[in-house]
Amino acid sequence: MWDDEDEDEGWDDGDEEFDARKEHEKIYRHPLMKKARDIFGLTRALVGSLDEARKELYGNIMMEDAMVMSAKFAGAEGISDYVLKMEKAVIMKVHAKSLYSMTYQLGMEETHAEEHLELLREAIQEYRLLFKEWIKGFDPDEKYDDGWGIFTD
């Protein structure tokens, strides 16, 4: 039953062995991930200083936006499929824009000094520029049709 190990020899056609630690380091050293983590820290500080009512109203949304920006990046970096990378990129963009617009809502409600909100806005703008460079590296020839028809033509 277990003696047929030799049948599976060469199942992996790649020359390189997958190194999870190396892949993790590659993702977390990427400038876009570093910026996403900066944004998460700034967001956490802003949310932490909100009064309880606003924290309940805006806090979870803002923290989710900030977390998704880095989580989807990590997922996209770990795959080569253009369609999946683009899906994750769109989700990252939507959450970045949501977080950016939330700074103006907080500004209208005068919850924070404008300088603190501007720090987060500037970080998101830097993220946007890094994001635009990052997506240029996607290989549109490396795509698999998932049947939904998005990013396949």
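Q: Which residues line the largest pocket?
A: This is a predicted model, in which local features need pLDDT of at least 70 and side-chain atom pairs count only at pLDDT 80 or more, while totals for chains, interfaces and linings use all residues. Residues are numbered from 1 along each chain as its sequence is written, and side-chain values use heavy atoms, with hydrogens and water left out. On a 1 Å grid over the protein atoms alone, a pocket is an open set of points where a 1.4 Å probe fits, with protein on both sides within 12 Å along at least five of seven lines, and its lining residues have an atom within 4 Å of a point. The lining of the largest pocket consists of Lys-93, Ala-96, Lys-97, Tyr-100, Ile-124, Gln-125, Tyr-127, Arg-128, Phe-131 and Lys-132.

Q: Which helix supplies the largest share of that lining?
A: Helices are DSSP runs (H or I, at least four residues), numbered from the N terminus. Both helix 4 (82–108) and helix 5 (114–136) give at least two residues to the lining. The largest share, 6 residues, comes from helix 5.

Q: How many residues of the lining are charged?
A: Asp, Glu, Lys and Arg count as charged, Ala, Val, Leu, Ile, Met, Phe, Trp, Tyr, Cys and Pro as nonpolar, and the others, Gly among them, as polar. By this scheme the lining has 5 nonpolar residues and 1 polar residue, and the number of charged residues is 4.

Q: How far from Asp-81 is the nearest side chain of opposite charge?
A: Asp-81 sits in the loop between helix 3 and helix 4, and its contacts outside four places in sequence are Glu-142, Lys-143 and Tyr-144. Asp-81 is buried without a salt bridge, and the distance to Lys-143, the nearest side chain of opposite charge, is 8.5 Å.

Q: Which residue meets Arg-54 in a salt bridge?
A: The N to O distance of this pair is 2.4 Å. Because Arg-54 lies in helix 3 and its partner in the loop between helix 4 and helix 5, the pair ties together parts 55 residues apart in sequence. Arg-54 counts as partly exposed at 25% relative accessibility, and the partner is Glu-109.

Q: Is Glu-110 buried or exposed?
A: Glu-110 lies in the loop between helix 4 and helix 5, and has a positive phi of about 50° although it is not a glycine. Most residues other than glycine have a negative phi. At 69% relative accessibility, Glu-110 counts as exposed.

Methods. Buried means under 20% relative accessible area, exposed over 50%, partly exposed in between (1.4 Å probe, protein chains only). Lys and Arg count as positive and Asp and Glu as negative; His and the chain ends are not counted. A salt bridge is a side-chain nitrogen of Lys or Arg within 4 Å of a carboxyl oxygen of Asp or Glu. Contact means heavy atoms within 4.5 Å.
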